[in-house]
Amino acid sequence: MDQSSNPPMHLCHVNKLTIFVNRTYTLIHSIALSFLLYYRATFFFSFHDTKTPFLPWLLVFAAELLLSFEWLLTQAYRWRPVSRTVFPERLPEDDKLPAVDVFICTADPEKEPPVDVMNTVISAMALDYPPEKLHVYLSDDGGADVTLNGMREAWSFAKWWIPFCKRYKIKCRSPKAYFSAAEDEGEDGDYGGSDFLQEKQNVKEKYEVFEERTRAYTRHGNTGSSKRRDHSAVIEVIQENSSDQAFEVTETKNMPLLVYVSREKRPSRAHHFKAGALNVLLRVSGVISNSPFILGLDCDMYCNDPSSARQAMCFHLDPKLSPSLALVQFPQKFHNISKIDIYDSQLRSTFSVLWQGFDGLQGPCVSGTGYYIKRLSLYGSFVNKEDHKDPIELRQSFGLSNEFIKSLLGNYKANAKMAQLAETQQLASCTYEDGTKWGEEAGFLYGSVVEDYFTGFASLHCKGWNSVYCDPPRPQFLGSGTTNLNDFLVQGTRWSSGLVDVAISKYCPLIYGPLKMSFLESMCYAYLAIFPICDFFSLWCFATIPQLCLLNGIPFYPEVSNSYFLIFSFVFLSSVSRHLYEVLMTGASLQEWINEQRIWMMKAITSHLYGSLDAFMKKIGIREASFFPTNKADDIERLKRYNMGVFDFQTSALFLAPLASLVILNMASFCVGIVRVIFLGELEKMFIQVFISFYVVVMNYPIIEGMLIRKDSGRIPTSITLLSALSSIIFYILGSIIFM
């Protein structure tokens, strides 16, 4: 499509005022940080003349350096934020649109309810895209019979659902979400006549039958728990059920292709978690449909707008942008987030602030779900349209499948009947990748459980590919956010471990990135890789060392009358006010600012600590990599607390004990500080230390409430409270001996 003679299919908007504000803030805050660090550094030339212990000062100085460096890296996101508008109506005719494969991954039907997974599958099948150019693949890493049976039921119901959606232009293509939505939410488009209502009721009844049959499989069928790590490959093209004669054959011909894939897994073989499953889908789909573009979805992330594929094609079909464009990333948004959102499950800062800045550089990294990626970009440097390599060399990189090699060379006609042959079984076997470049230079990369971030960095942006971020007014995809503290912290630990895996590998963005991409882009990637280390070390230092000094009567910060007091005050107020400004500018509230401040502290103390330790232990061989899917099944009591804005502390003592211990330590130091201020007149010397303790206590009031006030089942157990109090006392005694 020649855009020189046609209106553009997309526009990029640069807000110059926002850029000016961001860069001015960066300059002013940098100057203040320089003075703060200078004040700390001068101590080392005169510490013999002071009573302040050397080791605590060194640790806090290191924490301030790390946080300052982390802050500096985040300024790359603020350098040139952009937003984009698309015009899908300007796309070429349907017969000229490229084909799209949809990859959906599930692993555990007990944590990822099959009904919800099938709703995602059905919503993908119902996208507003030519059905003959749409192919939906579900990877079932659990090898569960209930999932395969659910796919068959989904196919049968989709024959009714898809025509209904297209006939009446239904916006939300997930039947569960559509039928549970209130009538005033506008999901019915412009229709409301008796024919529509009658057909809607008819389809709803069929959905209820589908839902009940799928739940029955879950209750009485095999959930695959006994063979989750030990089962053969199963690939099945889901086709017409011969017993269903009530549906017109002509309608089923307009159905997208639906394929079930369960790769072979053996306990003695590494399976590389989600990255391994995606690479199997890449190969299997290569000999079945071989579409040039791929939509990646989490199993709970249903299509909330049928136009996402067309919106993505506005970028992919732009001749000026397309040659170097690898992916179009949509934001992750969630349907079950409460107005209070005490766990910051909506990831507001990431998708409303950081990713817009990422987009102004070379584009965001692959973000797990909701992305349209060019298949060619995942094949590394081995496949080039202008210079096809020797098939023998391709076999050394991609394996011995002749059919798959043909698909790489572009002279292969895809054929769904291949799913019935041994070729796809070979492609999905656990030995196929032996001696190849899969996971190293081809496909989604192994070596980290955050395969999306790692692949986006090392395989895409470091090799010259770009990406764009598209955030339209209506969310294109909606998923299930975490709604309890345990799942939130477990998920955060997994993400932290994967990011630190990359940070301490040869692909560390600080070293590997600057020579292969723009310097600002490498700063963005570097921030994501190292922030768990920076946050856990800094927060542990700030939550303990000033408090120990306060309890021992040792001033640690400049006095109120000292000019450097203004520097420390300015840096703190500048940081929190900047965060508050971004929260308010993205349409959030003051309460959400408080929630984000609190949850940042809680994650740093627990998830970032354990995730970093896990990564270091894997690096030195103490433990193996592990992956646990986030629980998507709802617990009624926990969900009720979440919607009320009440923390649910039903989680491991490994998470609760550090949080409670540090809050108790800060409560004690604040009380002692108040006594010193009132009876010893030490406000001048101890103000900052007293304020730090006060800030920690106030921000973490829900923990105090969970320990001392609440009586429900979601409170912090008394045993944990007593253990934490004892830990605080021991920490105070040992800290006083070692540090003071």
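Two strands are said to pair if DSSP finds at least two bridges between them, while the helices (H or I, at least four residues) and strands (E, at least two) are themselves DSSP runs, numbered from the N terminus. Strands of a sheet pair through backbone hydrogen bonds, either parallel or antiparallel. Strand β2 (residues 82–86) also has a covered face, made of Val82, Arg84 and Val86, and an uncovered one, made of Ser83 and Thr85. In a regular strand the side chains alternate between the two faces of the sheet.

This is a predicted model, in which local features need pLDDT of at least 70 and side-chain atom pairs count only at pLDDT 80 or more, whereas totals for chains, interfaces and linings use all residues. Residues are numbered from 1 along each chain as its sequence is written, and side-chain values use heavy atoms, with hydrogens and water left out.

Taken as a whole, the chain has 26 helices and 13 strands. Its radius of gyration, taken over C-alpha atoms, is 28 Å, close to the 27 Å that the globule rule (2.2 Å times the number of residues to the power 0.38) gives for 740 residues, so the chain is as compact as a globular protein of that length. Along its principal axes the C-alpha trace spans about 90 × 60 × 55 Å. Of the 740 residues, 57% count as buried, where buried means under 20% relative accessible area, exposed means over 50%, and partly exposed lies in between (1.4 Å probe, protein chains only). Among contacts (heavy atoms within 4.5 Å) with a separation of 6 or more, residues 24 or more positions apart account for 83%.

A further sheet is open and has three strands in the order β8-β13-β10, with mixed pairing. Its edge strands are β8 (302–303) and β10 (333–334), each of which pairs on one side only. Strand β8 is joined by two bridges to strand β13 (residues 477–479), and the two run antiparallel; here Cys303 stands opposite Phe477 in β13.

The structure holds zero disulfides, a disulfide being a pair of cysteine sulfur atoms within 2.5 Å.

Helix α23 (residues 653–679) contains Arg676, which at 17% relative accessibility counts as buried. Leaving aside its neighbours within four places in sequence, Arg676 is in contact with Leu550, Leu551, Asn552, Gly553, Gly681 and Glu682. Phe655 is found in helix α23 as well, and is buried with a relative accessible area of 8%. Its contacts beyond four places in sequence include Asn486, Leu489 and Tyr610, and also Thr606, which is 49 residues from Phe655 in sequence but 5.8 Å away in space, C-alpha to C-alpha.

The UniProt record, an unreviewed entry, lists residues 20–39, 54–74, 653–680, 686–704 and 716–739 as "transmembrane region"; UniProt positions are given in the numbering used here, feature names are shortened, and annotations may be inferred rather than shown by experiment. In the model, residues 20–39 are 100% helix and 0% strand, with end C-alpha atoms 29 Å apart, while residues 716–739 are 92% helix and 0% strand, with end C-alpha atoms 31 Å apart.

The UniProt annotation "binding site", also from an unreviewed entry, covers Lys111, Glu112 and Asp141. These residues span 31 residues in sequence, yet no two of their C-alpha atoms are more than 12.7 Å apart, so they gather at one spot. Lys111 is found in the loop between β3 (100–106) and α3 (114–125) and is partly exposed, with a relative accessible area of 27%. Glu112 lies in the loop between β3 and α3, but is buried, with a relative accessible area of 10%.
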